[in-house]
Amino acid sequence: MQRRKFLIGMGSLAAGSAAAMGTGAFTSAEADRDLTVSVAEDSNGYLKLSANGKGDNSLFSSIEENTLSLNFGERDLGAGEPDPQGVNPDSVMQFDGVFRISNLGTQSVDVWFETDMDGVTFYRFSDPDENSLNGWENRKEGLGEGAHMTPGIEIDTTGDTSVEDLEGEVTIYARDADQDGPPESEPAE
């Protein structure tokens, strides 16, 4: 009879230990699933970029080969007027509401710009000094679902910046507004 009690006791102890340790742990897993990603042109993406700015300044933006393009060079204004060739040298020119950014995603996002062009500042409203969008530290916080903004562009050709230096690229960033802190590539504020 003692042997039977010993075996029952050992079985109970083993079952209790297994329950206490849990049975759902795993070290590694691999599962294949389907993934569908559609790449849309700028005017149809979750972060919609369109040439629909405010007023006459939207003529400096266009969709070319499905991508937003900004051009402050030569313009054909039509009959009767001389065609402008570009921005003035040794000047600071501001163009409010050049294009539109719309948040078609499912969450609020922070939006900012990075550019390799000295003398070019993206901004909100009509004051580049107070409302710059250049760099994460100047981001537009919380562009809500379905909301849009129409950034302006300031072009400064004074000092060391010459008109020839104003060709380059712009990167527009949008990041979930609930994320804390700057992106890893950005210094903290």
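Let's start with the largest pocket, where strand S3 gives the largest share of the lining, with 4 residues. Keep in mind that this is a predicted model.

How much space lies in this pocket? About 810 Å³. The lining is made up of 34 residues, and those closest to the pocket's centre are Leu-68, Ser-69, Leu-70, Phe-122 and Val-170. If you sort the lining by class, you get 18 nonpolar, 11 polar and 5 charged residues.

Which strands supply at least two residues each of that lining? Here they are, with the residues they span:

| Strand | Residues |
|---|---|
| S1 | 47–50 |
| S3 | 67–70 |
| S7 | 120–123 |
| S10 | 152–156 |
| S11 | 170–176 |

Now for the sheet. Strands in a sheet pair through backbone hydrogen bonds, and they can do this in a parallel or an antiparallel way. In this model, 3 strands form an open sheet in the order S4-S10-S7, and the pairing is antiparallel. Strand S4 (92–95) and strand S7 are the edge strands, as each pairs on one side only. Going from one strand to the next, the twist averages 15 degrees.

Let's look at one pairing more closely. S4 and S10 run antiparallel and are joined by 4 bridges. Which residue in S10 is the bridge partner of Phe-95? That's Ile-153.

The two topics also link up: S7 and S10 belong to the open sheet, and S7 and S10 each supply at least two residues of the pocket lining.

Methods. Residues are numbered from 1 along each chain as its sequence is written. This is a predicted model: local features need pLDDT of at least 70, side-chain atom pairs count only at pLDDT 80 or more; totals for chains, interfaces and linings use all residues. Side-chain values use heavy atoms; hydrogens and water are left out. On a 1 Å grid over the protein atoms alone, a cavity is a set of points where a 1.4 Å probe fits but cannot get out, and a pocket is an open set with protein on both sides within 12 Å along at least five of seven lines; lining residues have an atom within 4 Å of a point. Grid points are joined across faces, edges and corners, and a volume is the space filled by probe spheres set on the points. Ala, Val, Leu, Ile, Met, Phe, Trp, Tyr, Cys and Pro count as nonpolar, Asp, Glu, Lys and Arg as charged, and the others, Gly among them, as polar. Two strands pair if DSSP finds at least two bridges between them. Axes are lines fitted to C-alpha atoms, for helices over the stretch in contact, and angles run from 0 to 180 degrees between N-to-C directions.
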